[in-house]
Amino acid sequence: MASTTLKLPVYFDHAATTPCDPRVVQAMLPYFTERFGNAGSRNHKFGWEAEDAIEGAREHCAALIGASPKEIVFTSGATEGNNLAIKGVAEMYERAPAGRGGRGHIVTAMHEHKAVLDPCKRLMKEGFDVTFLQPRPDGIITAEMVRGALRDDTILVSIMWANNELGTINEVPEIGRMIRELRKGGGRDDIVFHTDATQWVGKMPTNVETDGIDLMTWSGHKIYGPKGVGGLYVRRRNPRVRLVSQIDGGGQERGFRSGTHNVTGIVGLGEACRIARAEMDSDRERLFRLRTRLETSLLGALDHSQVNGHKDRRLPHIANISFGFVEGEGLMMAIKNIACSSGSACTSASLEPSYVLKSLGVGDELAHSSLRLSMGRWTTEEQVDYAAAEITKAVRKLREMSPLYEMHLEGIDITKIEWQQH
Ligand code: PMP
């Protein structure tokens, strides 16, 4: 029940974006006004101040992921980072002259974010081959699956660390180490391993060295930093990864990414990474307790509800739950005071069930009636209890109006009904 102190709507969409931490905002503020210099201005104090701030941020980013500061490239976010990583590798490591087909092979997964799928699709049109691995029904991509898909002409493996809709965690360190072993075996120093770690970095411990990562993307606005800024890790040793730049110009970021530095954004990203490193463990434990509270409440109150994706191998703050016998659009309408994502995406003409859930084999009906509830640094028990109560109420009410649920209660096996299609 809503208490008087609860501010509505409650925010359960932290996988989409997070609020900026006030400490991040404080760190950024001077760089809008008195320290406004261009880091490219080498001849005066304003430029030096901006450059110092950027290098400080680079150190915080590097420390969070176990990299060296020189291996961090600042971007405008994970979409740009993924495009630079995927297209940059493809163009650098391609096998045959342009336009002749067979330019090289890429391995990725069906449930990647569009910011990985679409660059891969574009490369297919340009003559590269792409394998889209189907995840296991629990949402996981294993090292064995990737190993089985590799070919002699594979130049890139791009597998996300944690899925943005499910929170499920792929076998990324295992894939990284497998590829490293192949390289040691000789002759394969041309396979590059990229991971889109947008949902992972800043939430879970990361070490690009021990985890065998060559390229890794992340984004400020998923970790309590500002929007429009992100990082791309580019390995410099064992092996040195080369990329063809996708934005050319003034040669900033060692030529990987031209354009005047977004100094305020970069300072914010650095501060967000510093805080994440210090507070990750306590955030994670608290979020896990909140998620358990939410799921226990919902699954306990509502039969025919299921958690999508692996029950344990997932990020602690994301719950993706399907509610049987409920029409998805109606559910979203009924829980207007809970800001969350649904298992359907609006295309121009219709409501499409989520391609991520479909890739796991979740049926259209259940995919439509699923919710992604994702919590964050300031989510409270009170908000969780409110969300659980509101969703329970909405699902019960919608089921009361569902003829299918009625039949089910009467003991009719609805899977045996033959439906007349019109
Ligand atoms: N990859 C994943 C896994 C994401 O969740 C997102 C954001 N939804 C992106 C890429 C795109 O990130 P950005 O908004 O920083 O471009």
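Select Glu94 and Arg103, which form a salt bridge whose closest N and O atoms are 2.6 Å apart; the term stands for a side-chain nitrogen of Lys or Arg within 4 Å of a carboxyl oxygen of Asp or Glu. Glu94 is partly exposed at a relative accessible area of 26%, whereas Arg103, at 8%, counts as buried, where buried means under 20% relative accessible area, exposed over 50% and partly exposed in between, with a 1.4 Å probe and protein chains only. This is a predicted model, in which local features need pLDDT of at least 70 and side-chain atom pairs count only at pLDDT 80 or more, while totals for chains, interfaces and linings use all residues. Residues are numbered from 1 along each chain as its sequence is written, and side-chain values use heavy atoms, with hydrogens and water left out.

Next, display helix α7 (residues 263-301), where Arg274 and Glu271 are three residues apart and thus separated by about one helical turn; helices here are DSSP runs of H or I with at least four residues, numbered from the N terminus. The closest N and O atoms of their salt bridge are 2.9 Å apart, with Arg274 partly exposed at 34% and Glu271 buried at 14%.

Now centre the view on the ligand, which is surrounded by 13 residues, the closest being Thr79, Asp196, Ser219, His221 and Lys222; a residue is included if one of its heavy atoms lies within 4 Å. Helix α3 (residues 78-93) supplies the largest share of this shell, three residues.

Which distances separate polar side-chain atoms of Asp196 and Lys222 from a nitrogen atom of the ligand? For Asp196 the distance is 2.6 Å, and for Lys222 it is 2.7 Å, while an N or O atom in the side chain of Gln199 lies 2.8 Å from a ligand oxygen atom. The protein covers 84% of the 400 Å² of accessible area that the ligand has on its own, areas being computed by the Shrake-Rupley method with a 1.4 Å probe.

Conventions. A polar contact is a pair of N or O atoms within 3.5 Å; within protein, one must be able to donate a hydrogen and the other to accept it, and residues adjacent in sequence count only if both atoms are side-chain atoms. Helices (H or I, at least four residues) and strands (E, at least two) are DSSP runs, numbered from the N terminus.
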